Structures are given as structure tokens and as C-alpha cells.
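User: I would like to learn how to read packing features in a model like this one. Could you take me through some of them?

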Amino acid sequence: MVVGLLLGIPLLLDLAFVWFPALATVLLSFTKWNGVGDLHNKACLPNVPSILNNGCLYGIQNYHQAVTIYPEFWPAVRHNLIWLAVFILFATPLGMLFAVLIDRGIKGSRMYQSILFLPVMLSLALIGIIWEFVYSQNLGLINTVIGRNGNNNAIDWLGNPHLNLWAVLVEATWRQAGYVMVLYLAGLKAVDPTLREAAVVDGANAWQTFWRVIFPVMRPINVVIMVVTVIESLRAFDLVYITNKGINGLELLSVLVTSNIVGETQRVGFGSALGVVLLVISLVPICIFLFQTFRSESREGQS
Amino acid sequence: MTTDSSLSGSLPQVRAAQPSGAGRRDKPRPWGQIASQVFLISASVLWLLPILFALYIALRPYSETTKYGYVSLPHSLTLKNFTDAWSSSGMPHFFWNSVLITVPAVVIVLGLASGVAFVLTRVNLKVNVALLILFTAGNLLPQQVIITPLYRLYLLIPLPSFLSDSGLMYNSITGLVVINVSFQLGFCVFVLSNYMKSIPEEMYEAALVDGAGLWTRFWRLTVPLCRPALAALATLLTTWIYNDFFWAITLMSSGDKRPVTSALANLQGQFVSNQNLIAAAAMIAAVPTLVVYILLQKQFIAGLSLGSSKG
């Protein structure tokens with residue numbers, strides 16, 4: 001029947017290639033498996049060569065190892081948190097500021113909007129490459145301008161593990177601010193103009209008008225932007241991967257998951273456990289978004 | 001029949017985000033105006049600088065930039081880096097891969113998502129909201145959450161040789177089309193169902209009176225009315241799928257099957273001794289998105305706006 005046809009195939013695709021893997025990540029995270037041979041339901045034996053244990057049930061050992069002996073885990077968590085903090089404290093407010101200024105219709109606003117939005121169109125891989133010229137040690141823009149391009153005192157922006165995360169975060173902010181700007185502009189455009197006029201009549205200045213009148217009515221878009229901010233910082237991968245494959249100061253959870261499956265040694269169970277960590281964190285913004293979006297809907301359904 | 005034009009008034013207009021304050025501002029204080037201008041001009045310069053800088057490097061001979069540095073006045077400008085990058089690295093081939101992945105993926109995902117959105121908004125199934133949540137949430141997961149099992153799955157699923165010369169989903173163009181379609185479905189279903197909800201019920205009542213079946217109501221009535229949303233989504237998806245890096249890096253092993261965006265990682269290694277060539281290759285890879293940016297920016301922004309707002 002038509003309904004079955006229209007709904008069936010897409011549902012199957014979504015279940016098979018998105019939801020099944022999401023569930024399988026959780027199940028695989030309790031096993032020890034290198035991807036070769038079969039999975040079985042016997043518990044892993046202590047003190048035997050790992051080849052004999054392959055495919056066994058490992059309990060929470062993968063998680064235990066991740067938090068205790070895996071050297072990259074805590075740096076990655078820290079970097080993800082820094083990433084999120086920079087997005088919340090800089091990229092998002094900057095994008096909102098762009099949007100508010102452009103929305104006020106000052107001269108050239110169309111042009112500013114187009115320019116600030118340009119990085120959103122470019123792939124993150126491309127952005128990583130473009131910025132390598134800005135950060136280049138001996139020939140780059142920054143070091144030349146500040147006079148640090150000599151061989152002895154050149155700043156290695158992308159190589160120094162104390163600097164490179166911040167350097168990459170500048171790239172990420174450069175893109176994210178434009179993205180937030182566009183989302184926020186759409187929200188501002190939808191605000192009833194009479195609200196603003198009423199505020200002006202009541203003697204509110206621009207600052208008060210925004211924080212007391214506009215910002216509260218934009219709650220739905222604020223939630224969307226918060227969700228986008230959190231999820232984008234969990235998804236962050238391309239920029240660090242193109243810069244140095246996500247090592248030496250640029251470790252992120254997403255990179256660790258990937259390196260455990262596409263690397264030389266495949267640790268499916270362990271990689272899955274790291275994936276579950278990402279899943280659990282991402283469920284928070286996802287649930288908030290779903291709650292706000294579909295709350296009214298289910299009410300409509302009931303009435 | 002003029003239903004199309006008469007209806008469009010009651011449908012949400014797909015428009016680019018335009019300054020809503022334009023033309024009806026009370027007189028802003030001049031210093032505020034000046035501060036805003038200075039701020040936005042500096043931001044614009046900072047936003048353009050990295051791109052123009054890479055373009056400038058791409059236009060200069062390698063010998064010159066090694067000698068004088070990137071930040072120096074040009075002695076000569078040349079397109080040779082572009083022609084070299086294009087011909088010596090297989091870029092045409094990577095572009096073709098991008099086309100083979102992006103075009104089918106966009107068409108299929110829009111087709112499938114329209115069908116789902118139509119059923120979820122116009123057929124009362126009792127699980128409509130649950131299904132909509134399922135699709136929407138799927139698109140919000142970080143890709144890395146599903147990649148480990150997905151990678152194993154791709155190694156297990158065989159494909160006939162005309163769909164994949166590896167004989168597997170893994171390392172095949174088809175496999176990349178499938179994951180891009182599956183992953184983007186959620187977003188498109190969400191946007192299209194919001195859009196379809198705004199089509200007035202009377203339209204469907206009239207169609208029913210005329211004896212239109214479910215398929216006719218979908219294909220002849222709903223899809224044409226969704227054209228603005230479909231155009232916006234197509235622009236957005238083309239850019240996103242073309243820009244995809246992660247799926248192609250993880251689900252493909254051989255460099256020669258990769259689309260342009262992920263092939264850039266290989267080119268970077270290949271041209272490691274000549275950064276100017278990398279700059280040129282990056283600029284070439286940016287061309288399709290820049291075309292979209294110049295011609296379809298409004299559509300792109302409209303797509304983003306539809307995704308972030310309800311209806």
C-alpha cells in the first residue's frame with residue numbers, strides 16, 4: 001500500500017543505518033573484540049592471550065580502562081569541554097551580536113551578512129587547510145606580522161600542544177559564529193515588530209529592548225542554538241583531523257572513537273565504549289530539543 | 001487552475017533572513033551607529049582575510065613565496081598552480097566521485113523524506129509523533145556514536161558488482177550514498193513535515209471530493225506545494241554532502257574513490273613540498289560551494305532557517 005511504500009523504505013534505512021548502529025554501539029561496548037572472528041556470550045577470561053578472548057563479554061572493563069589507563073581519554077574530554085566552553089562563551093555570543101547588529105538594518109548589513117556567512121559554506125576540511133597558511137611557522141601571516149618568523153623564535157601555532165587547540169578553536173569560531181548568526185537572524189526576523197515598537201514607546205533603550213523583550217520571546221530559537229552549539233562541539237572532528245589527525249594536543253573524543261576503528265589495531269569494544277560516552281552526553285541536548293519541539297505536538301495529538 | 005498562486009499566500013514564505021529592522025528604525029544614536037560599523041567592518045576583514053590569503057598564495061609561484069614569504073608583494077602572479085593541481089593530482093576524478101555521491105544522495109533523500117513527511121502529517125497513524133521524533137533524533141546524533149558498528153556493518157553487507165567493485169558497502173560510492181541519505185533523512189523529514197503542516201486542510205478536502213487517492217494527494221498536490229522548501233533543502237544538502245569529510249574518511253579505504261573534500265587530506269600529503277599547490281587545490285575544491293554561495297545563498301539560508309524554526 002502507498003503508506004507502507006512511502007514510510008517503509010525510509011524507516012528501514014533510518015533504523016538499519018542510524019538506530020541499529022546506535023544501539024549496537026552500546027552492546028559492543030561491553031565486549032572485547034578486534035573485529036575478526038565471532039562474538040560470543042562467554043565472559044572474558046583473565047590471564048589468557050587476547051587472541052583466545054576475542055569476542056568475549058568484557059563487562060564494564062572498556063569503560064574502566066578508558067578512565068584509568070587510556071592516556072588520551074581525559075585530555076580528549078578536557079578538549080571537548082574547552083571546545084564547548086569556547087563555543088558558548090565566544091562563538092555563540094559573537095554570532096548573536098552579528099545578528100543583532102545586522103538586524104538593526106545599518107548601512108551595508110546585507111554585505112556584512114554575506115561576508116560573515118561565507119565560512120559556513122566551506123567544508124571544515126577546507127577551512128583547516130586555509131588556516132594553515134595563516135598559522136604557518138616560517139611563512140605564515142601571523143608570525144610574519146608579529147615578527148616571529150625567524151627560525152629560532154617562530155611560534156608553532158598548530159604544532160605546539162599548548163597552543164594548537166586554541167589555534168584550531170579560532171578556526172572553529174570563525175565558522176560557528178556565522179552559522180549562529182544566520183539561525184539567530186531568522187529568529188529575529190520572526191519577532192513581532194510591534195513588540196519592539198511598544199518597548200521603544202515605553203522608553204526602553206536598545207539594550208533593554210533586546211534583553212527584556214526580544215530575547216525572552218526568542219526562547220525556541222535560543223534552545224535550537226544551544227542544541228546546535230553542544231552538538232557541534234561533540235561532533236568536532238574534521239578540523240583537528242585535517243590539521244594533525246587529532247594528536248599531540250588536539251585529541252577529541254570523536255577522534256579517539258575513529259582511531260580505534262580505522263587504525264591498525266581495531267578495538268571495536270573499546271571504540272564503542274568511547275562512542276557510548278559521546279552518545280550519553282549528546283542525549284542531553286537532544287532530549288531538551290525534542291522536549292521543546294514536540295511538547296506542543298503531543299498535546300495537540302491528545303486533544 | 002490557479003491553486004498554486006492563490007495558495008502561496010497562506011504558506012510560509014521561504015525567504016532569506018533579511019534585516020527586519022531595515023527602514024523602520026527610530027533614529028539611532030550616531031556613536032552607536034559608528035561603533036557598529038567599525039565592529040562589522042573589522043569582523044568582515046577578519047572573516048575574508050584567511051580566504052583571500054590562501055587565494056593569494058595559490059596565485060603566486062612556489063619559488064617566490066619560499067624566497068620572500070607569503071606576506072610579501074607579488075613579483076608575478078600565475079595560474080600555473082591551479083592547472084598543476086588540477087592535472088597532476090586526479091582532481092577531476094575526485095570531483096566526479098563527489099558528483100556520483102552528492103547528486104543521487106540529494107535526489108533520493110528528498111524523495112524519501114517527502115514521502116515520510118506526507119504520511120506523518122496527513123495520515124493518522126497514532127505513532128506519527130513517535131516516528132517524527134525517531135527521525136529527528138537520529139539526525140542529531142554525533143556521527144561518531146554510530147561509526148563503530150556502522151563500519152563493521154559496511155564490511156558485512158555485500159553489494160552486487162555493478163553497485164560496488166569492492167563487492168561490499170564498505171569502500172563503495174553506493175555505501176556513501178546510503179549513509180548520507182540515511183543520516184540526512186531525519187533533518188529533511190523534520191523540515192518538510194513542519195512545512196506540510198502549514199498546507200491548509202481544505203486543499204485536501206477538495207482533493208478528496210475530486211476523488212484523489214493518497215498517491216495523487218501526495219505527488220500531485222503536496223510535492224508541488226513544497227517546492228520552495230525542497231529547493232532550499234536541496235541547496236543545503238548539496239553543500240553538506242559535498243562538504244562531508246567524516247563518512248568518506250572512515251567508510252572508504254582507497255583514496256581514489258574518495259570525493260573531493262576528503263581527498264584534500266591525501267592531496268595535502270602528496271603536495272607537502274609545495275604548499276602553493278595545496279592552496280590552489282583547496283581553492284578549486286571550494287568552487288562548487290562558492291557557486292552555491294553566490295547564486296543560491298538565499299536558498300541556503302532559507303533551508304537553515306526552516307530547520308531551526310517550526311513551520
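User: Which residues of H5(A) are buried?

Analyst: The general idea is a neighbour count: a residue is buried if 20 or more other C-beta atoms lie within 10 Å of its own, exposed if 12 or fewer, and partly exposed in between, with C-beta atoms placed from the backbone. Helices (H or I, at least four residues) and strands (E, at least two) are DSSP runs, numbered from the N terminus. In H5(A), the buried residues are A:Ser109, A:Tyr112, A:Gln113, A:Ile115, A:Leu116, A:Phe117, A:Leu118, A:Pro119, A:Val120 and A:Met121. With 10 of its 13 residues buried, H5(A) is largely enclosed by the rest of the structure. Please keep in mind that this is a predicted model, where local features need pLDDT of at least 70, side-chain atom pairs count only at pLDDT 80 or more, and totals for chains, interfaces and linings use all residues. Residues are numbered from 1 along each chain as its sequence is written, while chains are lettered from A and ligands numbered from 1 in the order in which they are written.

User: What covers the buried residues of H5(A)?

Analyst: Both chains take part: the cover includes helix H4 (73-103), helix H6 (124-135) and H8 of chain A, together with helix H2 (30-58), helix H11 (227-243) and helix H14 (275-308) of chain B. As for its length, H5(A) spans residues 109-121 and reaches 19 Å from first C-alpha to last, close to the 18 Å expected at 1.5 Å a residue; the expected span is 1.5 Å times one less than the number of residues.

User: How many residues of chain B are in contact with chain A?

Analyst: Two residues are in contact if their C-beta atoms, placed from the backbone, lie within 7 Å. By that rule, 89 residues of chain B are in contact with 88 residues of chain A. The chain B side has 56 nonpolar, 29 polar and 4 charged residues, where Ala, Val, Leu, Ile, Met, Phe, Trp, Tyr, Cys and Pro count as nonpolar, Asp, Glu, Lys and Arg as charged, and the others, Gly among them, as polar.

User: Which residues touch the most other members of the largest nonpolar core?

Analyst: A nonpolar core is a set of buried Ala, Val, Leu, Ile, Met, Phe, Trp, Tyr and Cys residues joined through C-beta atoms within 7 Å. The largest one here has 179 residues, and A:Leu183, B:Leu264, B:Ala281 and B:Ala282 touch the most other members. Leaving out residues up to four places away in sequence, B:Leu264 touches A:Ala125, A:Leu126, A:Ile129, B:Ala281, B:Ala282 and B:Ala285.

User: How many helices and strands are there in chain B?

Analyst: Chain B has 14 helices and 0 strands. Buried residues make up 48% of its 311 residues. Among contacts in chain B with a separation of 6 or more, 74% join residues 24 or more positions apart.

User: Where is A:Lys245, and is it buried or partly exposed?

Analyst: A:Lys245 lies in the loop between helix H12 (238-244) and helix H13 (253-262) of chain A. Because 13 other C-beta atoms lie within 10 Å, A:Lys245 is partly exposed. Its phi is near 65 degrees, a positive value in a residue other than glycine. A:Asn248 is in the loop between H12 and H13 of chain A, and it has a positive phi of about 50 degrees although it is not a glycine.
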